[in-house]
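Look at the structure below and keep the sequence beside it.

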Amino acid sequence: MSRHHREGQDERGDTVRVSDLRARVTRRRLLRHAAAAAGGAAAAGLVGTQALGGLTEAFAAAAPRRGGQVIEGLSQEPVNFNPIMPWIEVQRGVHMDLFDALWKLDPAGRLIPNLAAEIPTVANGGITGGGTGYTVKLRRNARWHDGQPLTARDVVFTWQTLMNPKVTSFSTVGYDQIATMDAPDDYTVHFTLKEPYAPLMAVLSDMYVVPEHILSKSADINKDDFNTKHPVGSGAFKFVEWAAGDHITLEANRVYHGPGPYLDRLVRKYIPDLTVMFTQFRNREIDITGTQGIPIDLYPEAKKLPAAQAKVLLTPSTTYESIALNFMNPLFQDRRVRQALYYGMDKRPIVNGIFQGLVQEAETYVPPQSWAYDPRVKGAHKYNPDLAKQLLDRSGWTPGPDGIRVKNGQRLAFDNSTTSGNKVREQIQQILQQQWRQIGVDMRISNMPASVLFGDFYRLSRFQTVLIGIAMGPDPDHTFRLHSKYIPIRGGKGRNAIVYDNPEVDRLLDAGVREIDQAKRKAIYAHLQEVLAVDLPHLPIYHYVGITGVNARLAGYTPNSNVVDGSWNSNTWWMR
Amino acid sequence: MAAYAVRRLLQAVPLLVGISFVAFVILRLAPGGPMAVYAQNPSMTEADMRRIEHLLGLDQPVYVQYVKWAAGTLTGHLGYSYRTGRPVGGVILERVPATLELMATAYLVAIVLGVVTGVISAVKRYSVFDYIATPAAMIGLSIPIFWFGLLVIIYFAATLHWIPSGGIATLGAPFSLGDRLAHLAGPAGVLGLWMTATWSRYCRSSVLEVLGQDYVRTARAKGLRERVVLMRHTVRNALIPLVTLAGLEFRNLLGGALVTETVFSWPGIGRLYLDSLNNQDYSVILGLLLMSSVAVLAGSLLADLFYAVADPRVRLA
Amino acid sequence: MRTRTRAGMITQRFLRHRLGVAGAAVVILLVLLTALAPVVAPHNPLYIDVAYKFAPPGAHGFPLGADELGRDVLSRLLYAGRVSLAVGLITAVIAVLAGSVLGVVAGHYGGLCDTVVMRVADVLLAMPTIFLLLGLAAFLRPSVFAITLIIGFNSWMPVARLVRGQILSLRQQEFIDAARAAGSPDSRVMFRELLPNALAPVLVAATLTVATAILLESSLSYLGYGIQPPAASWGNMLNNAQTYVFYAPWAAIYPGLMITITVLSFNFAGDALRDALDPRTGRG
């Protein structure tokens, strides 16, 4: 409980707050840190997300030492190392080790140049035309693992490949806002946009550049051996081998352009069972519990590990858990029913009972650590079963013989589905089921495997309600989830599977992406969050917090809620 | 006998077609799909998923997909994994050695322990040993193998630290036989002991049956030493039918291996099957079903052939 | 008269089999306890109160402790037993009915009928059971009903083979010829004459099928493809409990014990039944 915070310097000289997370972190303390961080951000006039002060760490004391290996346990297996191909989080982590993007997002949401020599801004002439023209200067010392120089042609090729209709590229979102991209010289990339698009910088922080000189010769990029057998990147680590079903070995790229790498080897070990993973962490067989980390139920056990052996880090995430209501169902078209369900929801057994106070209650999709978070929605939700009952009475739902409300002969009953096998979600469902029964609502549990749930059942809006986690990502734009133009069953291209159609929300979302001034965007998203808090297309429950166990000897591991995997700065990790 | 083998092989062909068709239809008519794992990826939209599905041919009618797949399979190409874009044959084959290592060790444990306890139980029938070993074998048949594995991990790995809690080798360390065996001990021990129960029961009743045969009585009557009667006349003859058991049990062993691999994070085909199911990687699931069926059929054919060689009284028809 | 003496002999032989009797007794006890769960269980198995999360055995009136949501483990075990036993017993019924009918038909008619039934059985028997079950369960909504059907669908083959074999040997015998000569229709010959005579081994197979089905259900549930909450089966209680084995081991140990004891009892009973019905084999 000593050393709560100390100031430290990370590799790039940015000041970040440091905390000893072996200390017990209570929810109150978390909130205090968040408040302090928010205040600091305002004072420093920083743009970008301010990380929860107590939740990041860096090491200032000793100079990095070279050598050693780190083994990270993963509960899912990375199976494709080409960053163009569809990915899940664990896979993205390996992409981060092997490849580089133009810039990175740090835990505070600031952009850090990586392949770019500097971040383009209006001030330095990198952004022109009111946000429609971009010029990016590249660093001149970046090389591919095979020794070839990394040039502007590679960047252009990467964008073209993402947009290539014959390539099963993971995404065209944001990339399709770019109208043209070209390379006036080897170290300059120039691109133009059809219209200003505020999330672009965040999108490009996730565009990992692939080698043109190798992939342009590929007969079929989708099935190339590059993807699984010999990926060639420019990152801090080089690919050595993938023993399928067991582990992936990477070794240091000693001619890396950035700081580091300090480790000799980075191994990713596939351990499908989280309990087994924790056992191996406790037995010192692995150094990091990756992506899904330590299950909340094992957190008390993790805290008992000696300080000299392990650190337990809490990472706030941009994902929030909510009940998504399908607006195709007349039941949920009635706002009073949605509000009644929310008033009938007591989050305390979830936040305190299941999560032992580690997570925060959510009232909005924007995580509290984001610059776009609207503090006024805090407390918008209260547990008030009497009010819930009144709302339902007013809406014409009256208690039936079995205690479940009835209107025009229809019972107030619906199915709730989530991914089967997810313990925490199953527990939340059972708690909500019991709570809602008390206001006369019958929620039936009907779970299915993730691969079924997220198939047509979810995509084509065949569900009634689902309990899911939705990630905001580093930018507060939520168009693909909430805009009426992005409803899949109406032919939309997005993820608005709840079929939410609210003109006011549409208008705010459109305004948010076309505005590049952050202060003005903040006002737009604050308004949006207040509208959503009343209209309730989703019933937010809590904001995710990742629990990661890290070997106490490992320095530099820094949780970052703006990226999907902790590997974002693996080049600066070292073993004490 | 060669003719018999050929006929059995020919009979297997419609069987495999049947298996592939049943499996294909079940997989494709069910909800979900290989793209669902990406549904929570914040940068992939519905449009991206449809574009990828189209490129992978997942939007074609089921019968078209089956014909394409079957045509490829006939030429020895089982298609590409939807998750990795790699050829299915390679994806499966690289997992086979780990599973074989596990199964062979477990078989060895099961046969040695099973035969020894089975023979002793039969010869010393109604002895204290028999009274303990026979119900113990039944417990082995009744215990859920994953629970057994879990108990082994809790006790031997987490509490006593005698064995690692999972994986096939210590990462980063140079290859050493001791390390390899330590990793193998848990899963092979669990799987082997589980199979021992079956072997011991079969062996016991087989020996008992032979002990009742005329020629054993004759041998005893001739005044042959009990050891000779037992080893040369009884056990040898009793073990021959067990060869069939080895063939028949192959299927159960494969099923047991799947569960054991999951509990001990063993990187074999059982683990691959579960991962492919979780991701609805249809082509790999189909490939595994087909290849495991081939293995099961081959196992029973080999057992029959071997039985015929070992026991001249058996004639293959 | 003949049957009564035979039944008497069988009963006598069964009763000599001490482990078999114990098994049968435990089975009866379990069926009674789970059937009377609403009366016997000390608490509501679904009532959640996170304040009692992982209450150890004996504390706060939880005889076997409480689980991750503060529910009484003993009450849940009793209610879960209903699901596990029901899956086992219904599967056995499905296996016996489907297996007997298909086996009799295949054995009696022979020819194409026989080929089709036996080839389908071969197809199903060529794939490792758990592979096939997982494949089916992964693509269906896993309700108790669906899981039972899936396991039943994969359990009829041994019974069908058994019955077919019996029929093939029985039809050579004189009383069948006699029935035929007397002009009995096929269905009568099949189900009145052939089947009852094949019943003894089927009964044994049914008992053992219950055991196998309970194990299969628990494996499926353990791997996450079986019975889904809030319904509890012993398998899915184990699946839930495995995360907490380090500090709430009782939650993982009791359901595993229940499965083992139940399956063991059915196996002992089945073994004893086999010996009792077939005097040629010695004591198990």
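A residue is buried if 20 or more other C-beta atoms lie within 10 Å of its own, exposed if 12 or fewer, and partly exposed in between, with C-beta atoms placed from the backbone. In soluble globular proteins, nonpolar side chains tend to be buried together.

This is a predicted model, in which local features need pLDDT of at least 70 and side-chain atom pairs count only at pLDDT 80 or more, while totals for chains, interfaces and linings use all residues. Residues are numbered from 1 along each chain as its sequence is written, and chains are lettered from A and ligands numbered from 1 in the order in which they are written.

Which residues does A:Leu115 touch? Leaving out residues up to four places away in sequence, A:Leu115 touches A:Asp100, A:Ala101, A:Leu102, A:Leu138, A:Arg139, A:Ala142, A:Leu150 and A:Val209. Two residues are in contact if their C-beta atoms, placed from the backbone, lie within 7 Å.

Chain B has 13 helices and zero strands. Helices (H or I, at least four residues) and strands (E, at least two) are DSSP runs, numbered from the N terminus. The C-alpha trace of chain B spans about 85 × 55 × 35 Å along its principal axes. Of the 317 residues in chain B, 47% are buried. Among contacts in chain B with a separation of 6 or more, 73% are between residues 24 or more positions apart.

Next come the contacts between chains. Chain A and chain B meet through 52 residues from chain A and 45 residues from chain B. On the side of chain A that touches chain B, helix H13 (450-459) is one of the elements that give two or more residues, and H13(A) gives the most, with nine residues. By class, this side of chain A has 22 nonpolar, 18 polar and 12 charged residues. Ala, Val, Leu, Ile, Met, Phe, Trp, Tyr, Cys and Pro count as nonpolar, Asp, Glu, Lys and Arg as charged, and the others, Gly among them, as polar.

The contact between chain A and chain C takes 21 residues from chain A and 20 residues from chain C. H12(A) gives the most to the side of chain A that touches chain C, with six residues. That side has eight nonpolar, nine polar and four charged residues.

Some strands of chain A are paired (two strands pair if DSSP finds at least two bridges between them). Strand S8 (residues 178-185) and strand S9 (residues 188-193) of chain A pair in the antiparallel sense over five bridges. A hairpin of two residues joins S8(A) to S9(A), and A:Met181 stands opposite A:Phe191 in S9(A).

Chain A also has an open sheet of three strands in the order S16-S17-S18, with antiparallel pairing. Strand S16 (398-399) and strand S18 (410-411) of chain A stand at the edges with a single partner strand each, so one side of each is left without a neighbour in the sheet.
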